[in-house]
Amino acid sequence: MRIGTYHQLDRVDQQIVDLLRTDGRMAYREIARRLDVSESMVRKRAGKLLESGWMRILAISDPLKLGVPIVATTYASVAPGRLEEVTDALARNEAVRYVAIGVGSRNLVVESLHASVEEVHAFIQNELGREGVYESETIHVVKIKKSVWDWPLPSEPDDTASQPQPERRDHA
């Protein structure tokens, strides 16, 4: 398996996802035209990608540009036996927009939105003061340079590029 490729999606599915990633409102007719396939093929494949959860079409916004006063990212160390319980509770909190379990000394990442520093303080006390959370560090985000959702799927190299090349021999 080559690093950086997604073998679960074929080339057409990858191209459909990439076009919709660029413009989530692009018509299936336009996608079909660009890929030189039928509109019904695009409609069926996009439907399967959406139904299977491989793809979602949504608007991505920058909360800072929308006027949210505080965006916070928290890295925490949680006891392995409490990790599911803690992350489930965090995921139910309205202020939380992202919760991830990781591997390493900081095995929890949380992004949250807050109206004031008092709200951030209460969030840290209530949510990260739970039993099983050893320590946490919260960073006040002041500028978002790239959204984590804005990334293209790597595509397979051309079949010709992956063919073995003839062995080169230098003659003396």
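At what angle do helix H1 and helix H2 pack, and how far apart are their axes? In this predicted model, H1 covers residues 11-22 and H2 covers residues 28-35. Two packed helices are described by the angle between their axes and the distance between the axes. Here the angle is about 130°, and the axes lie 11 Å apart. H1 is therefore oblique to H2, and the crossing of the two helices is right-handed. On the side of H1, the contact is formed by Val12, Gln15, Ile16, Leu19 and Leu20, while H2 contributes Ile31, Arg34 and Leu35. Sorted by class, this contact of H1 with H2 comprises six nonpolar residues, one polar residue and one charged residue.

The next element to consider is strand S1, which spans residues 70-78 and includes Thr74. Is Thr74 buried or exposed? Its relative accessibility is 1%, so Thr74 counts as buried, the cut-off for this class being under 20%. The side chain of Thr74 makes a polar contact, at 2.9 Å, with the side chain of Thr138. Apart from neighbours within four places in sequence, Thr74 is in contact with Leu108, Val109, Val110, Leu128, Ser136, Glu137 and Thr138.

Ala72 is also located in strand S1. Because its relative accessible area is 2%, Ala72 is buried. When residues up to four places away in sequence are not counted, Ala72 touches Val110, Glu111, Ser112, His114, Thr138 and Ile139. Finally, Ala72 and Val120 are 48 residues apart in sequence, and their C-alpha atoms are 8.0 Å apart in space.

Conventions: Residues are numbered from 1 along each chain as its sequence is written. This is a predicted model: local features need pLDDT of at least 70, side-chain atom pairs count only at pLDDT 80 or more; totals for chains, interfaces and linings use all residues. Side-chain values use heavy atoms; hydrogens and water are left out. Axes are lines fitted to C-alpha atoms, for helices over the stretch in contact, and angles run from 0 to 180 degrees between N-to-C directions. Helices (H or I, at least four residues) and strands (E, at least two) are DSSP runs, numbered from the N terminus. Angles under 35 degrees count as roughly parallel, over 145 as roughly antiparallel, 65 to 115 as roughly perpendicular and the rest as oblique. A crossing is left-handed if the near helix is turned anticlockwise from the far one by less than a right angle, and right-handed if clockwise. Contact means heavy atoms within 4.5 Å. Ala, Val, Leu, Ile, Met, Phe, Trp, Tyr, Cys and Pro count as nonpolar, Asp, Glu, Lys and Arg as charged, and the others, Gly among them, as polar. Buried means under 20% relative accessible area, exposed over 50%, partly exposed in between (1.4 Å probe, protein chains only). A polar contact is a pair of N or O atoms within 3.5 Å; within protein, one must be able to donate a hydrogen and the other to accept it, and residues adjacent in sequence count only if both atoms are side-chain atoms.
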